[in-house]
Amino acid sequence: MTGDFFTDFGETISKAAKDLGNRADSFVETQKIRAKILSEQKMIEKDFTDLGKIIYKKYVDGEPLDETMAEVCEDVTQRKIAIAAYRETIAKMNGETICAACGASVPADAAFCMQCGAPIDRDMETVVNPTSASEQTEEIQKEAETAETESIMKDAVAEEEEKSREE
């Protein structure tokens, strides 16, 4: 009788171990598949980014675009302009200049850009005192806020129009 108990107990433990092993294998396989899903989702995001860059390049090259895409591209352009102005303001506040070739900040006395090696055009260089730089920064911030407000308003109007069409 005790022999049957230990035999049954051993079989039960074996079945439980096999079941646990199968569950572990299943868990590992599930995790591998989830990792593949995450990888594919990241690739989709990269593809969307690439797609956006392609559309923006077409906009810059003057190719006709859908009105909505053209508006988004114009927003991107305005943001790029604001970023360049912010960088220029910071450079001027630090007594530096901006390389016209690559946009890097370089010391005021540099003859060549330390990033790309392009010669620094001294005719383009302007020295600004910190007071006027801060005034420029405030002006740029106001322009950026206005552009952002307009963008938000356009998005809200487009959203309302979309809801109206759906109804």
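In which helix does I13 lie? I13 sits in helix α1, which covers residues 2-60, and that makes a handy starting point for a tour of this predicted model. Local features here need a pLDDT of at least 70, side-chain atom pairs count only at pLDDT 80 or more, and totals for chains, interfaces and linings use all residues. Residues are numbered from 1 along each chain as its sequence is written, and side-chain values use heavy atoms, with hydrogens and water left out.

**Overall layout**

- The protein chain has three helices and two strands, where helices (H or I, at least four residues) and strands (E, at least two) are DSSP runs numbered from the N terminus.
- Read from the N terminus, the order of elements is α-α-β-β-α.
- Of the chain's 167 residues, 12% count as buried; buried means under 20% relative accessible area, exposed means over 50%, and partly exposed lies in between, with a 1.4 Å probe and protein chains only.
- The chain exposes about 13400 Å², and carbon and sulfur atoms supply 58% of that area, as worked out by the Shrake-Rupley method with a 1.4 Å probe, where for residues only the protein chains shown count as cover.
- Among contacts with a separation of 6 or more, 26% come from residues 24 or more positions apart, a contact being heavy atoms within 4.5 Å.

**A nonpolar patch**

- F5, F6, F9 and I13 form a nonpolar patch on the surface, with about 450 Å² of accessible area together.
- Patches are made of residues with over 30% relative accessible area and no salt bridge; nonpolar side chains (Val, Leu, Ile, Met, Phe, Trp, Tyr) are joined within 5 Å, and like charges within 9 Å.
- I13 itself is partly exposed, at a relative accessible area of 45%.

**Salt bridges**

- The structure has five salt bridges, each one a side-chain nitrogen of Lys or Arg within 4 Å of a carboxyl oxygen of Asp or Glu.
- One of them joins the side chains of K46 and D50, at 2.8 Å from N to O.
- K46 and D50 are both in helix α1, four residues apart, about one turn of the helix.
- K46 is partly exposed at 44% relative accessible area, and D50 is partly exposed at 27%.
- Another salt bridge links K57 with D61, whose closest N and O atoms are 2.8 Å apart; D61 is partly exposed at 47%.

**The E88 and K92 pair**

- K92 belongs to helix α2, residues 67-93, and its side chain meets that of E88 in a salt bridge of 2.7 Å, N to O.
- The side chains of K92 and E88 also make a polar contact at 2.7 Å, meaning a pair of N or O atoms within 3.5 Å; within protein, one must be able to donate a hydrogen and the other to accept it, and residues adjacent in sequence count only if both atoms are side-chain atoms.
- E88 and K92 are four residues apart in helix α2, so about one helical turn separates them.
- K92 is buried at 12% relative accessible area, whereas E88 is partly exposed at 35%.

**Cysteines**

- A search of the whole structure finds zero disulfides, a disulfide being a pair of cysteine sulfur atoms within 2.5 Å.
- The sulfur of C102 has its closest cysteine sulfur in C113, and at 3.6 Å the two are too far apart for a bond.
- C102 is partly exposed at 38% relative accessible area, while C73 is buried at 5%.
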